[in-house]
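User: Could you take a close look at one part of this assembly for me, the place where two of its chains meet? I'd like a connected account of what each side brings to it.

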Amino acid sequence: MAVKVLDESLGKVVLIKLKGGKVIRGVLQGFDQHMNLSLERAEEVNEDGKSNSLGTLIVRGDNIIMISPPPS
Amino acid sequence: MAVKVLDESLGKVVLIKLKGGKVIRGVLQGFDQHMNLSLERAEEVNEDGKSNSLGTLIVRGDNIIMISPPPS
Amino acid sequence: MAVKVLDESLGKVVLIKLKGGKVIRGVLQGFDQHMNLSLERAEEVNEDGKSNSLGTLIVRGDNIIMISPPPS
Amino acid sequence: MAVKVLDESLGKVVLIKLKGGKVIRGVLQGFDQHMNLSLERAEEVNEDGKSNSLGTLIVRGDNIIMISPPPS
Amino acid sequence: MAVKVLDESLGKVVLIKLKGGKVIRGVLQGFDQHMNLSLERAEEVNEDGKSNSLGTLIVRGDNIIMISPPPS
Amino acid sequence: MAVKVLDESLGKVVLIKLKGGKVIRGVLQGFDQHMNLSLERAEEVNEDGKSNSLGTLIVRGDNIIMISPPPS
Amino acid sequence: MAVKVLDESLGKVVLIKLKGGKVIRGVLQGFDQHMNLSLERAEEVNEDGKSNSLGTLIVRGDNIIMISPPPS
């Protein structure tokens with residue numbers, strides 16, 4: 001299920017909301033069955049809409065609340 | 001059990017309450033055994049009743065408190 | 001164990017206390033080994049004794065503190 | 001281990017301390033390997049020593065800090 | 001590992017620190033692979049050094065931070 | 001997935017954000033399937049940009065929010 | 001991975017940071033796959049740099065954030 005949506009999002013920009021309020025945006029490079037994600041050109045999106053660059057990133061799945069694939 | 005109710009809700013609007021208080025509404029597109037959900041035309045419902053659009057969405061099951069299928 | 005009590009409660013009203021303080025009441029329609037519950041005619045019982053209707057509901061087992069079956 | 005102590009407590013009054021501070025007392029009717037308990041004539045024991053009746057009760061094991069079997 | 005230390009502590013007084021700050025002391029009667037413990041003549045040790053008796057006790061392992069076996 | 005990125009980062013400096021806000025930087029020496037990491041020449045990076053040395057370090061995977069491999 | 005570093009630290013002093021802020025120092029006597037540790041001559045290191053002796057100690061792995069082996 002999630003696999004299908006994540007699969008279709010490979011190479012595209014996804015938006016990720018983490019527990020604790022952090023929001024990350026980046027190009028999805030890979031994922032596994034724990035919903036661990038690897039992103040490229042990732043950035044943290046702050047509440048004021050600005051973002052700071054994080055580069056390549058591994059996000060542990062258990063911190064994730066939700067993932068928005070790009071609009072199709 | 002949950003499978004049956006979720007199965008009958010496929011393609012319909014469900015309301016999801018998350019830990020931490022967020023409420024999400026969207027058309028259920030899929031789910032798995034962890035209760036990970038994929039939604040379309042999802043929106044976050046704020047306390048004042050307004051909502052902001054989230055588009056397609058994967059919600060990790062472990063953040064979910066409860067799911068309301070549409071009234072039958 | 002829990003299975004027996006839950007089994008005997010099928011089709012009857014149960015009271016559910018959730019982590020965080022929410023109290024839910026509803027007719028038990030089903031359950032699984034994670035104590036995920038499906039309820040019908042569910043309602044959230046507020047501290048002042050009033051309740052607001054939630055309709056059909058799936059409650060994820062890991063949010064549950066305790067379940068009171070109906071008095072026999 | 002726990003099985004032996006719980007086994008010897010079947011049909012007797014046990015005292016249960018839950019995460020978050022709740023204290024429950026009731027007649028132990030059953031338990032499983034997750035330490036889920038089923039109690040009869042359960043009551044919540046308040047800090048002032050008073051108690052309010054809960055009747056039959058399933059307590060999810062993952063909320064339990066400790067269980068006191070009856071004095072032998 | 002833990003098994004060896006706990007094994008050598010059977011029948012002896014152990015001190016247990018729990019998540020949330022509670023400290024329990026009691027004679028170790030048994031343990032299992034989840035580090036669930038059964039204690040006899042257990043008592044809760046308060047911050048002022050006083051203690052109140054808890055009798056026989058099952059402590060769920062997932063609440064435990066550390067266990068001090070008796071000095072050898 | 002994560003394995004590939006971590007594999008390519010062996011022997012290089014990674015930046016690790018932990019639950020609770022700690023930030024750790026160090027040379028990645030190894031990792032396992034739980035995302036437990038072993039680091040050398042690790043240091044804790046404080047909010048003011050200063051860092052204090054921690055030397056060799058094992059970080060338990062379940063504390064990790066995200067890992068930034070070095071820019072390629 | 002962690003096994004190798006922990007293996008090399010057997011019989012040596014390690015520093016352990018726990019969730020919630022506690023810092024423990026002691027001679028590593030053993031460990032298992034859950035990162036449960038057994039320590040000898042353990043002591044809790046307070047923020048003011050002083051320490052109070054804890055003797056022999058079992059630390060449950062799931063409370064551990066990180067472990068510093070001795071400088072080699």
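Analyst: Happy to! Let's go to the meeting of chain E and chain G, where 16 residues of chain E are in contact with 18 residues of chain G. Please keep in mind that this is a predicted model. Together the two chains bury about 1400 Å², and carbon and sulfur atoms account for 65% of that area.

Now for the polar side of the story. Between chain E and chain G there are 6 residue pairs in polar contact, counting pairs with both residues at pLDDT 80 or more. The count of salt bridges between these chains is 2. One to find on your screen joins Lys17(E) to Glu44(G), with 3.8 Å between the closest N and O atoms; that falls inside the 4 Å cut-off for a salt bridge.

Which parts of chain E face chain G? The elements giving two or more residues to this side are helix H1 (2-9) and strand S5 (64-68) of chain E. S5(E) supplies the largest share, with 5 residues. By residue class, the side of chain E that touches chain G holds 10 nonpolar, 3 polar and 3 charged residues.

Notes: Residues numbered from 1 in each chain as written. Chains lettered and ligands numbered in written order. Predicted model: local features only at pLDDT ≥ 70, side-chain atom pairs only at ≥ 80, totals over all residues. Heavy atoms only, no water. Contact = heavy atoms within 4.5 Å. Buried area = accessible area lost by both parts, 1.4 Å probe. Salt bridge = Lys/Arg side-chain N within 4 Å of Asp/Glu carboxyl O. Polar contact = N/O pair within 3.5 Å; in protein donor to acceptor, adjacent residues only side chain to side chain. Helix = DSSP H or I, 4+ residues; strand = E, 2+ residues; numbered from the N terminus. Nonpolar A, V, L, I, M, F, W, Y, C, P; charged D, E, K, R; others polar.
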